[in-house]
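User: Please take me through this fold one feature at a time, giving the general idea before each case.

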Amino acid sequence: MIETPQYLSPSSAATFETCPAKWKYKYVDRRPDPSGKPALVGSFVHLVLEELCKLPAEARTLEQAKSIATSIWPVFETEEDYTALELNEEDVRAFKWQAWISTQGLWKLEDPKEVEVVSTEQKIVTKLGDVPFKGIVDRLERINNELVVSDYKSGRLPGVRWRADKITQVMLYAAAVKASQDETPSAARLLYLGQRILEVKVTAERIAEATDQLTETWDGVTTSCESESFDTKPGVLCGWCSFIDVCEDGQVEVKKRMKKKTLSAEAPAWQILKIKSQAA
Ligand code: SF4
C-alpha cells in the first residue's frame with residue numbers, strides 16, 4: 001500500500017483530477033517535473049509582486065517593482081529549476097522581458113497603491129470537510145471593508161470552458177481562509193496580469209461545491225494509494241506532460257494526435273518522443 005499524502009493542495013488536487021497516473025509520477029515517485037519556462041516566469045513574477053505588496057502603499061510603483069526584480073534576480077538565476085532550463089543569452093533576455101511584461105500587467109488591472117493588503121503569500125494548513133488541506137494564498141486584501149482572496153495568473157486567460165477549474169481552485173483558498181480565520185471572504189479573484197480580473201462572489205454553495213469536489217478527489221487519491229492503482233487519463237494535455245517518456249498510454253495518445261495533426265506544434269512531447277525514437 002502506498003502511503004496517502006498528509007495534505008492535498010489545490011495544485012496536487014488539480015493534477016490528480018487531470019490524470020491520476022501523472023499525480024503518482026509527481027507526488028509518489030517524485031520524478032522531476034520541470035515546470036518549464038512559462039511557469040518559472042510566473043514564479044519570478046509572484047516573487048516580485050509579493051515583495052511589492054509588502055511595501056507601504058505609496059511605495060508600490062513600477063520603478064520599485066523593477067528594483068525588486070533586479071535585487072532578487074541573482075538568487076533566482078541560481079535556483080535548480082531555472083538553471084535546468086539551460087537558457088542562452090538571448091533566451092535569458094526573453095525570459096526577463098516576459099517577466100517584466102507580466103509584472104507591468106498588474107498596473108493594467110489596478111493601481112497597487114490603492115490595494116489594502118492584509119497578507120501576501122500566506123500559507124494555510126487546515127481541514128476542508130474531512131480533507132487535510134495546505135495552500136498558499138497569493139494575496140488577501142480588503143475591498144470596501146470586505147475580505148477578498150486574490151490569485152495572480154501570469155498565463156493566458158483560459159477560454160470560458162476551461163475556467164471552472166481555476167475558479168474552483170481560488171474558491172478552495174476562500175474556503176481555507178474561512179476555516180482558518182473565521183471570516184468568510186466576500187469574493188475570490190483571479191488576476192490575469194495584463195488581461196483582466198475574473199471575480200466570483202464567495203457563497204456558502206460555492207464553498208460547499210469546491211469542498212465536495214476536493215473530498216471526491218481525496219477519496220480518489222486514498223483509494224488509488226490503497227490499491228496502488230493509478231489510472232491514466234490520456235488527452236490533449238499528454239503533449240505537455242513531463243512524464244510522457246515513461247507513460248505508454250500517453251505516448252499512444254500523442255502519436256495518435258501527431259498522425260491526425262491535432263497536436264500543437266508547441267507541445268514539448270514532439271521533441272521528447274523524437275529524442276526517444278532516435279535513442280531506440
Ligand atoms: S502522459 Fe498523459 S496519460 Fe500519461 S501521465 Fe501524463 S497526462 Fe497522464
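**Strands, helices and the ligand shell**

User: In which sense do strand 2 and strand 3 pair, and over how many bridges?

Analyst: Strands of a sheet pair through backbone hydrogen bonds, in either a parallel or an antiparallel sense. Here strand 2 and strand 3 (residues 146-153) are antiparallel and share 5 bridges, where pairing requires at least two DSSP bridges and the elements are DSSP runs numbered from the N terminus (helices H or I, at least four residues; strands E, at least two). L140 has V149 as its bridge partner in strand 3, and R142 has L147 as its partner in strand 3. The model is predicted, so to speak of a local feature a pLDDT of at least 70 is needed, side-chain atom pairs count only at pLDDT 80 or more, and totals for chains, interfaces and linings use all residues. Residues are numbered from 1 along each chain as its sequence is written.

User: Which residues take a positive phi in the hairpins of strand 2?

Analyst: In the hairpin of strand 2 with strand 3, where 2 residues lie between the strands, N144 has a positive phi near 50°. Strand 1 and strand 2 form another hairpin, with 2 residues between them, and there G129 in the turn takes a positive phi of about 65°. Strand 1 (residues 116-128) and strand 2 (residues 131-143) pair in the antiparallel sense over 11 bridges, and within this pairing Q122 has V137 of strand 2 as its bridge partner.

User: In what order do the strands lie in the sheet, and which stand at the edges?

Analyst: The sheet is open and mixed, with 5 strands in the order 1-2-3-4-5. Strand 1 and strand 5 (196-201) are the edge strands, and because each has a single partner strand, one side of each lacks a neighbour in the sheet. Ignoring direction, neighbouring strands are turned by 35° against each other on average.

User: At what angle do helix 7 and helix 8 pack, and which residues meet?

Analyst: Two packed helices are described by the angle and the distance between their axes. Helix 7 (residues 163-181) and helix 8 (residues 204-227) pack at about 105°, with axes 9 Å apart. T168, M171, L172, A174, A175 and K178 of helix 7 meet R206, I207, A210, T211, Q213 and L214 of helix 8, contact requiring C-beta atoms, placed from the backbone, within 7 Å.

User: Which residues are closest to the ligand, and which domains supply the shell?

Analyst: Of the 14 residues that surround the ligand, C19, C238, C241, C247 and G250 are the closest, a residue being near if its C-beta atom, placed from the backbone, lies within 6 Å. Helix 2 (20-28) and helix 9 (248-260) each supply at least two residues of this shell. Domain 1 (10-30 + 115-227) and domain 3 (236-279) each give at least three residues to the shell, the bounds coming from an automatic or database domain assignment. That assignment also gives domain 2 (36-112), and the centres of domain 2 and domain 3, taken over C-alpha atoms, are separated by 31 Å.

Key. Axes fitted to C-alpha atoms, helices over the stretch in contact; angles between N-to-C directions. Contact = placed C-beta atoms within 7 Å.
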